[in-house]
Amino acid sequence: RVEYNIRRHQVCLVSAWISKANAVQRAGRTARVRPGNVWRLYTKSVFGALESFDPPEILQTPLDHVILRLRAMLNSPVIPVLENVITPPAREQFKPAFDSLHSMQFFDAPGDDGAITAQGKIAVELGIDLQLSKLVIYGIMLGVSREAACIAAALSMDKLPFRVATSFFHEGEELNQIIATTLLSQNEFDDGHYSIPIMMLLLLIWGREKHRTNSVLAYFGIV
């Protein structure tokens, strides 16, 4: 699901456990066709430890994202609307959010009276993290949109496309082999830049040069 990473101030697509309410709702879908049984691939203790409900989406998204999308839909001041939602954001969060939108040139003024700029409209259509939207927009302006999109995707990834060694599933020589393979592969694709986004870009270029078989991907530890 999409979550707001407070430490990185970024929206990321992550793997996360569903809530109890979500699990019950999914179970109810079977009854739309006919009576039956629901088989959950986790234990009762795991189910009991799940959160009762998913967190409100408005609290899982940076406020500047919410303001930009809401302004694009309503084309009118958004603070009165946000103050009347079920879980409203704190009032002191509004100014930093508008300042952020203005500094990224998505609003023409740092306040609720500002209008969305052309770049702001593009960011709304992209629907990704605003900082990454800015990166993609700069890439379009400089004629390197593919490369910018690849780097933006790499920055938003929860994990790299390489095998992960874990003592729960791997032992001894296999564990060491996976670690060695992935480290050597990442070092080769990085090409001395010491940058994961650049490494991902070079990996994409390598993958597009010609069709890579499963055996070649396995050789580099790519999943």
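Setting aside neighbours within four places in sequence, Ala115 is in contact with Arg71, Phe106, Phe107 and Asp108. Ala115 sits in the loop between helix 5 and helix 6. Its relative accessibility is 35%, so Ala115 counts as partly exposed. Before I go on, please keep in mind that this is a predicted model.

How far is Ala115 from Ala218, C-alpha to C-alpha? The separation is 50 Å, and the two residues are 103 apart along the chain. For another pair, take Ile122 and Ser133. These are 11 residues apart in sequence, and their C-alpha atoms are 8.0 Å apart in space. Ile122 belongs to helix 6, which covers residues 118-126. With a relative accessible area of 38%, Ile122 is partly exposed.

Now the inside. In soluble globular proteins, nonpolar side chains tend to be buried together. Here the largest nonpolar core has 19 residues. Which of them have the most contacts inside the core? They are Ile67, Leu68, Leu82 and Phe106. Four helices each supply at least two residues of this core: helix 3 (63-74), helix 4 (79-82), helix 5 (94-103) and helix 7 (130-142). Helix 3 gives the most, with five residues.

Look at Leu68 on your screen. Leaving out neighbours within four places in sequence, Leu68 is in contact with Leu101, Phe106, Phe107, Ile116, Gly120, Ala123, Val124 and Leu130.

Next, the aromatic rings. A pair of aromatic rings is described by the distance of the centres and the angle of the planes. A search of the whole structure finds six aromatic pairs. I will show two.

In one of them, Phe189 and Phe220 form a tilted pair, 5.3 Å centre to centre with 55° between the planes. This pair links distant parts of the chain: Phe189 is in helix 9 (residues 172-190), Phe220 is in the segment after helix 11 (214-219), and they are 31 residues apart. Are these two residues buried or exposed? Both Phe189 and Phe220 are buried.

In the other, Trp206 and Phe220 form an edge-to-face pair, 5.2 Å centre to centre with 75° between the planes. Trp206 is in helix 10 (residues 196-209), and this pair too links distant parts of the chain, 14 residues apart. Trp206 has a relative accessible area of 15%, so it is buried. The value for Phe220 is 11%, so Phe220 is buried as well. Taken together, Phe189, Trp206, Tyr219 and Phe220 form one aromatic cluster.

On to charges. Side chains of opposite charge can pair when their charged atoms come close. How many salt bridges does the structure hold? It holds five.

One is between the side chains of Arg91 and Glu83, at 1.7 Å from N to O. Arg91 is exposed, with a relative accessible area of 57%. Glu83 is at 34% relative accessibility and so counts as partly exposed.

Another joins the side chains of Lys95 and Asp99, at 2.9 Å, N to O. Because they are four residues apart in helix 5, Lys95 and Asp99 are separated by about one helical turn. Lys95 is exposed at 58% relative accessible area, while Asp99 is partly exposed at 30%.

Glu209 is exposed, with a relative accessible area of 56%.

Last, the surface. A nonpolar surface patch of about 430 Å² is made by Tyr138, Met141, Leu142 and Val144. Val144 lies in the loop between helix 7 and helix 8 (145-156). Val144 has a relative accessibility of 35%, so it counts as partly exposed.

Definitions and conventions
Residues numbered from 1 in each chain as written. Predicted model: local features only at pLDDT ≥ 70, side-chain atom pairs only at ≥ 80, totals over all residues. Heavy atoms only, no water. Core = buried A, V, L, I, M, F, W, Y, C linked by side-chain atoms within 4.5 Å. Buried < 20%, exposed > 50% of the residue type's maximum accessible area, 1.4 Å probe, protein only. Contact = heavy atoms within 4.5 Å. Patch = residues over 30% accessible without salt bridge, like charges linked within 9 Å, V, L, I, M, F, W, Y side chains within 5 Å. Areas by Shrake-Rupley, 256 points an atom, 1.4 Å probe, with all protein chains shown as cover. Salt bridge = Lys/Arg side-chain N within 4 Å of Asp/Glu carboxyl O. Phe/Tyr/Trp six-rings, centres within 6.5 Å; stacked < 30°, edge-to-face > 60°.
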